[in-house]
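Reader: Could you walk me through this one? I'd like to hear what stands behind each label.

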Amino acid sequence: MFLSQEHKWNYERDGYVLLTDVFSPLEVKLMIRAVESGERVAQTTHGSADASGKKARLALWHELGDDIWAAASTSPRIVNAVRILLGEEAAFFHGKVMLKEARSGGAWEWHQDYGYWYDQGFLFPRLISAFAALDTATIENGCLQVLRGSHHLGRLDHGRVGQQTGADAHRMELIESTLDRVYVEMKPGSVLFFHSNLLHSSAPNNSPHHRRSFIMCYNALANPQLGERKTSEQRPVPVGADECILQFA
Ligand code: SIN
Ligand code: MN
């Protein structure tokens, strides 16, 4: 995997960059196995209702741990791309498996991740997500949608939409008519790196195909977090060996 200067420029201009074949078919298969039978996903899964009441289910943790999810989150393919795109050293913030399951997965309302994370005390929006597709993601099964360049808007006001946090609906009308909406269709093993102020959403999954993904989130090591309980590890994210996911075969 190679991140070029052009990738970095695209990230700065658009707020995201999509890399294909970051994880191999075998690595994806092992992650799917960990979704279906692994302890961490089973223990931390909860639902978050969208505006229509349909549940978008996810499993989220703040500790790296020592399982396949830690191996992916410390993979040099991910961490080095994160450092280059952030432009500085990174700390692990959290990992989450998004379980947008066939015929039942709910929507995610338009939001910026920093709309959530600002309230968790992060001073600057110097955070990034690496969204790895575990299943093929298409328009039909509710792939991620992004508004190109929306990270340049800065942080918008967010409020409650169902049980989720959504960007100000009135302002969203004008933003949606101004910026390009991109449906990010992805092959398993592809990774979308996106800025914490990029507006994104996804439709419910009414199709017969699962659309599961693993999202690794990082904070700039030098980005302070207010408050007593730090949710971001205050140390550089460790970098494992390139083949470390395969030890879970
Ligand atoms: C989704 O999986 O559709 C939403 C992901 C996110 O909000 O980060
Ligand atoms: Mn998000």
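**What the labels rest on**

Reader: Why does His200 count as buried?

Author: His200 has a relative accessibility of 4%, and buried means under 20% relative accessible area (over 50% is exposed, in between is partly exposed; 1.4 Å probe, protein chains only). So His200 is buried. Before we go on: this is a predicted model, where local features need pLDDT of at least 70, side-chain atom pairs count only at pLDDT 80 or more, and totals for chains, interfaces and linings use all residues. Residues are numbered from 1 along each chain as its sequence is written, chains are lettered from A and ligands numbered from 1 in the order written, and side-chain values use heavy atoms, leaving out hydrogens and water.

Reader: How do you know which strands of the open sheet stand at the edges?

Author: The order is β5-β12-β7-β10, with antiparallel pairing; two strands pair if DSSP finds at least two bridges between them. β5 and β10 each have a single partner strand, so one side of each is left without a neighbour in the sheet. From one strand to the next, the twist averages 25°. As an example of the pairing, β7 (residues 144–147) and β10 share four bridges; Leu147 has Arg181 as its bridge partner, and Gln145 stands opposite Tyr183.

Reader: What makes Ser201 buried, and what does Ser201 touch?

Author: Ser201, in strand β12, has a relative accessible area of 6%, so it's buried. Leaving out residues up to four places away in sequence, Ser201 touches Trp108, Glu109, Trp110, Cys143, Leu144 and Gln145, where contact means heavy atoms within 4.5 Å.

Reader: Why is the pair of Phe93 and Phe122 called edge-to-face?

Author: Rings of Phe, Tyr and Trp (its six-membered ring) pair if their centres lie within 6.5 Å; planes under 30 degrees apart count as stacked, over 60 as edge-to-face and the rest as tilted. A search of the whole structure finds seven aromatic pairs. Phe92 and Tyr218 are one edge-to-face pair, 6.0 Å centre to centre with 75° between the planes. The rings of Phe93 and Phe122 are 4.8 Å apart at their centres with planes at 70°, so that pair is edge-to-face as well. Phe93 counts as buried at 0% relative accessibility, and Phe122 is buried at 1%.

Reader: How do you know that the charged end of Arg155 sits over the ring of Tyr118?

Author: The distance to the ring centre is 3.5 Å. The rule wants NZ of Lys or CZ of Arg within 6 Å of the ring centre and within 35 degrees of the ring normal. Arg126 sits over the ring of Phe124 as well, with its charged end 4.7 Å from the centre.

Notes:
Helix = DSSP H or I, 4+ residues; strand = E, 2+ residues; numbered from the N terminus. Axes fitted to C-alpha atoms, helices over the stretch in contact; angles between N-to-C directions.
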